[in-house]
Amino acid sequence: AVVSTQSGHYGRATNDLRRKDRIVRYKPYVPKEGEDPMAEYMNLLAMLFSMCGLMMRFKWASWAAVYCAFIGFSNSRSSEDTKQVFSSFMLSISSVVMSYLQSPTPMAISYFS
């Protein structure tokens, strides 16, 4: 650490406050055998798609959210937190319901017309 004196000169501090016994070297996370993060990724995608469906009124995003929620639910383990899986699934269903309540016309495929 650099310490300023009153005369304006900078000198080196003599006592180092870092504790050498508390330094832990970083080791990247290595997933264990049989640990698949697919369920977490699909739940995250379901929440993102359902927010897009709710906020921007994209029906395809709402249906993609339902699809991702189903995949996340089917890949989840029984020991996982069921509240997150359930909330992701219910958010995607509510996104579909709200998008069709706002405009009940069927989803049009605009790429071919």
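Analyst: Helices are DSSP runs of H or I with at least four residues, strands are DSSP runs of E with at least two, and both are numbered from the N terminus. By that rule the protein has 3 helices and 2 strands, which run β-β-α-α-α from the N terminus on. This is a predicted model, in which local features need pLDDT of at least 70 and side-chain atom pairs count only at pLDDT 80 or more, while totals for chains, interfaces and linings use all residues. Residues are numbered from 1 along each chain as its sequence is written, and side-chain values use heavy atoms, with hydrogens and water left out.

User: Why is Ser50 called buried?

Analyst: A residue is called buried when its relative accessible area is under 20%, exposed when it is over 50%, and partly exposed in between, with a 1.4 Å probe and protein chains only. Ser50 has a relative accessible area of 0%, so it is buried. Its place is in helix α1, and, not counting residues up to four places away in sequence, Ser50 touches Ala61, Ala65, Leu91, Ser92 and Ser95, where a contact means heavy atoms within 4.5 Å.

User: How do you know whether Lys59 is buried or exposed?

Analyst: The relative accessible area of Lys59 is 9%, and because this lies under the cut-off for buried residues, Lys59 is buried. Lys59 belongs to helix α2, and, leaving aside neighbours within four places in sequence, it is in contact with Ser99, Tyr100, Ser103, Pro104, Thr105, Pro106 and Met107.

User: What makes Val85 count as buried, and where is Val85 found?

Analyst: Val85 is found in helix α3, and its relative accessibility of 9% is the reason why it counts as buried. Val85 and Ala69 are 16 residues apart in sequence, and their C-alpha atoms are 7.6 Å apart in space. For the whole protein of 113 residues, 20% count as buried.

User: Why does Ser74 count as exposed?

Analyst: Ser74, which is found in helix α2, has a relative accessibility of 53%, and because exposed residues lie over 50%, Ser74 counts as exposed. A polar atom of the Ser74 side chain lies 2.9 Å from the backbone oxygen of Ile71.

User: How many aromatic pairs does the structure hold, and what makes the pair of Trp63 and Tyr100 edge-to-face?

Analyst: The structure holds 4 aromatic pairs. Rings of Phe, Tyr and Trp (its six-membered ring) pair if their centres lie within 6.5 Å, and planes under 30 degrees apart count as stacked, over 60 as edge-to-face and the rest as tilted. The ring centres of Trp63 and Tyr100 are 6.3 Å apart and the planes stand at 65°, so the pair is edge-to-face. Trp63 lies in helix α2 and Tyr100 in helix α3 (residues 82-102), so the pair ties together parts that are 37 residues apart in sequence. Trp63, with a relative accessible area of 42%, is partly exposed, and Tyr100, at 25%, is partly exposed as well.

User: How do you know that Phe70 and Phe89 form an aromatic pair?

Analyst: Their rings are 5.2 Å apart from centre to centre, with 65° between the planes, and the pair is edge-to-face. Phe70 lies in helix α2 and Phe89 in helix α3, so this pair ties together parts that are 19 residues apart in sequence. Phe70 counts as partly exposed at 46% relative accessibility, and so does Phe89 at 23%.

User: Which residues form one aromatic cluster?

Analyst: Phe49, Phe58 and Trp60 form one aromatic cluster.

User: Which residues form the nonpolar patch on the surface, and what makes Met51 partly exposed?

Analyst: A patch is made of residues with over 30% relative accessible area and no salt bridge, with like charges joined within 9 Å and nonpolar side chains (Val, Leu, Ile, Met, Phe, Trp, Tyr) within 5 Å. A salt bridge, in turn, is a side-chain nitrogen of Lys or Arg within 4 Å of a carboxyl oxygen of Asp or Glu. Met51, Met55, Met56, Phe58, Trp60, Trp63 and Met107 form the nonpolar patch, with about 760 Å² of accessible area together. Met51, found in helix α1, counts as partly exposed because its relative accessibility is 36%. Helices α1 (38-56) and α2 (59-75) each supply at least two residues of the patch, and the largest share, 3 residues, comes from α1.

Conventions
Areas by Shrake-Rupley, 256 points an atom, 1.4 Å probe, with all protein chains shown as cover. Polar contact = N/O pair within 3.5 Å; in protein donor to acceptor, adjacent residues only side chain to side chain.
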